[in-house]
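Let's look at this protein together, one question at a time. Keep the model in view as you read.

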Amino acid sequence: MNAVTETTAAEPVSGFEILVPLNKLKKSPRNARKVPHGTSAIEALAASIAHKGLIQNLVVEPEVTEDGTPIAAHCLAHSKFGQLPLPPSPNVWERPVELPSTQETFADPEGAWREIVIEPFAKGDRPDPAFRRHYSTLHGTLSFDDLEKSNASRGAPGAVMFSNAKGQPSATAPLRRDPYHISVHPEDEGFALRSKSNVLTVYGGDLQVDFETDLESAPEVAANRDRLGLAEGEAHRTIRCVGLTPERDRYLFTHVDEAWCISREGERIWGLRMPANEPTRIRVGCMGFGTATEIDEALKVLGLDLPVTPEVIRKRYRQLARQFHPDINPGSEEKMKAVNVAAERLTGLDADQLAGKIVEDGGFEIIVSFGASSDWIYAAAFSADGKTALLGSYAGRVVRVDQNGTPTTIYDVGSAPVRIVETDAYLYVMTTTRLYVLHGDCLMALEDCPSKCDLLIFEEQVLLVEAKGVRVFTHDGTPLGIALTKAPIRRAYVEEGDLVIETRTHRGRFRGIRPSPGA
């Protein structure tokens with residue numbers, strides 16, 4: 001039986017009989033579309049796919065070369081493309097970046113608005129805290145319940161709610177799969193979700209499923225996994241980002257250091273691999289960084305004592321990097337940051353310094369290098385028109401890729417981006433410590449921010465939403481004002497130029513924003 005042309009019936013756990021086209025099946029993540037298979041193998045695979053639920057508009061994975069191997073991703077070469085160095089973003093702030101607190105229900109500490117209108121909620125009208133993840137879209141806001149706590153998610157792994165430009169919830173729907181990773185394009189009303197089982201599900205503006213595909217079975221993933229020597233069971237950690245064009249005709253996904261752009265019909269459009277991080281070579285004097293006290297603290301973080309050798313430092317760093325890598329051990333981001341800082345401070349002591357000898361001025365002179373490592377892609381998005389893509393790596397490189405897969409510009413922000421959004425006029429790159437606003441190659445604004453805040457872009461204004469406060473900007477990043485709350489914020493949006501903030505019991509409407517200085 002040939003897997004390319006025939007079909008077979010399979011019986012999933014539910015007991016329903018489903019016809020699965022065999023040209024949509026793969027014997028392995030490599031490629032089986034051009035290889036004949038036995039009946040038993042085909043039926044087993046059909047049952048497996050039916051059990052996963054991939055039965056609606058399943059996208060066929062991309063074709064491979066004539067010898068049966070997937071086309072390799074092109075490796076980015078830094079020297080061939082324009083690089084735009086930007087003020088570096090630290091991995092973590094030594095002192096927290098926080099807004100002031102208030103004991104008032106709502107407060108305007110800078111006098112940015114002419115008035116604040118406060119409305120108490122009737123108990124039945126209070127915003128549902130289950131919808132806790134918010135993304136601005138072309139005509140409103142999408143809010144996701146990713147913890148299955150809303151009424152809409154009963155019997156489902158989550159739910160989504162769309163609110164119109166006036167902030168009024170107009171549609172709610174259960175999700176087919178858990179929203180492990182969410183991708184929303186600002187110029188569309190649809191969205192894409194990646195589940196923990198690595199199924200990409202694309203939804204339309206009606207909140208219904210448009211199409212699905214199994215990323216874990218992609219031949220590109222298998223090839224990259226083999227190249228890196230990764231175990232097959234690690235795909236839920238190594239497949240990280242997904243992105244969607246506003247027309248929903250193409251999507252992209254990333255696996256460790258590679259990104260692939262695929263049409264919804266399954267045609268491979270391009271692939272790109274981030275180059276390995278160059279071995280870090282740092283010289284540190286004793287001016288505030290590299291003092292004996294700081295070296296002792298770094299040794300403590302790595303669990304080492306002087307005397308120590310460079311080999312021991314490198315080995316210990318690799319051990320801790322594997323242990324605390326966020327994709328291997330979710331929730332260990334702060335520990336990973338501390339290990340990176342400690343490694344930078346200990347990178348390359350010479351023989352005397354590794355033996356514990358302090359230089360004359362009380363500090364250490366450090367010259368060190370670590371070996372090259374894969375530069376994981378941590379953020380990805382399509383541009384406003386969907387013609388180009390933006391890929392953000394752990395090393396802080398944000399690469400713009402044209403529709404043919406050719407890199408055109410590299411923005412260097414110094415640390416891993418966590419969010420990339422591009423509108424018609426501006427590019428927003430957010431790390432855990434800073435927000436960059438760019439117009440073309442010009443840096444328009446740079447804003448320090450805490451590690452936990454939401455970026456929302458509306459027609460009139462841009463919001464940085466924190467636990468008990470909102471910072472408001474123009475689209476080019478010019479600060480307009482700060483709004484504070486006593487209670488945690490459940491939702492924030494802009495309605496006809498007014499900033500609206502909702503807590504559990506009250507809605508605050510900040511009206512009549514004053515022009516920014518110099519406007």
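Before we start, here is how residues are sorted into classes: Ala, Val, Leu, Ile, Met, Phe, Trp, Tyr, Cys and Pro count as nonpolar, Asp, Glu, Lys and Arg as charged, and the others, Gly among them, as polar. Keep in mind too that this is a predicted model.

Q: How many nonpolar residues are in the lining of the largest cavity?
A: The largest cavity holds about 40 Å³ of space. Its lining is made up of S136, V184, P186, R419, V421, L455 and I457. Sorted by class, that lining has 1 charged residue, 1 polar residue and 5 nonpolar ones.

Q: Which elements give two or more residues to the lining of the largest cavity?
A: Among the lining residues are R419, V421, L455 and I457. The elements that give two or more residues to this lining are β25 (419–422) and β29 (454–457).

Q: Why do the buried residues of α5 line one face of the helix?
A: Helix α5 covers residues 310–324, and its buried residues are I313, Y317, L320, A321 and F324. On the other side of α5, K315 and R322 are exposed. Residues three or four places apart point the same way, because an α-helix has 3.6 residues a turn. Seen down the axis of α5, the buried residues line one face because they fall within an arc of 105 degrees.

Q: What is the bridge partner of I116 in β35?
A: Strand β6 (residues 113–120) pairs with strand β35 (residues 506–513) in the antiparallel sense, over 7 bridges. In β35, the residue bridged to I116 is F510.

Methods:
Residues numbered from 1 in each chain as written. Predicted model: local features only at pLDDT ≥ 70, side-chain atom pairs only at ≥ 80, totals over all residues. Heavy atoms only, no water. Helix = DSSP H or I, 4+ residues; strand = E, 2+ residues; numbered from the N terminus. Expected span 1.5 Å × (residues − 1). Buried < 20%, exposed > 50% of the residue type's maximum accessible area, 1.4 Å probe, protein only. Arc of directions from axis to C-beta. Pairing = 2+ DSSP bridges. 1 Å grid on protein atoms, 1.4 Å probe; cavity = no way out; pocket = protein on both sides within 12 Å on 5 of 7 lines; lining within 4 Å. Points joined across faces, edges and corners; volume = space filled by probe spheres on them.
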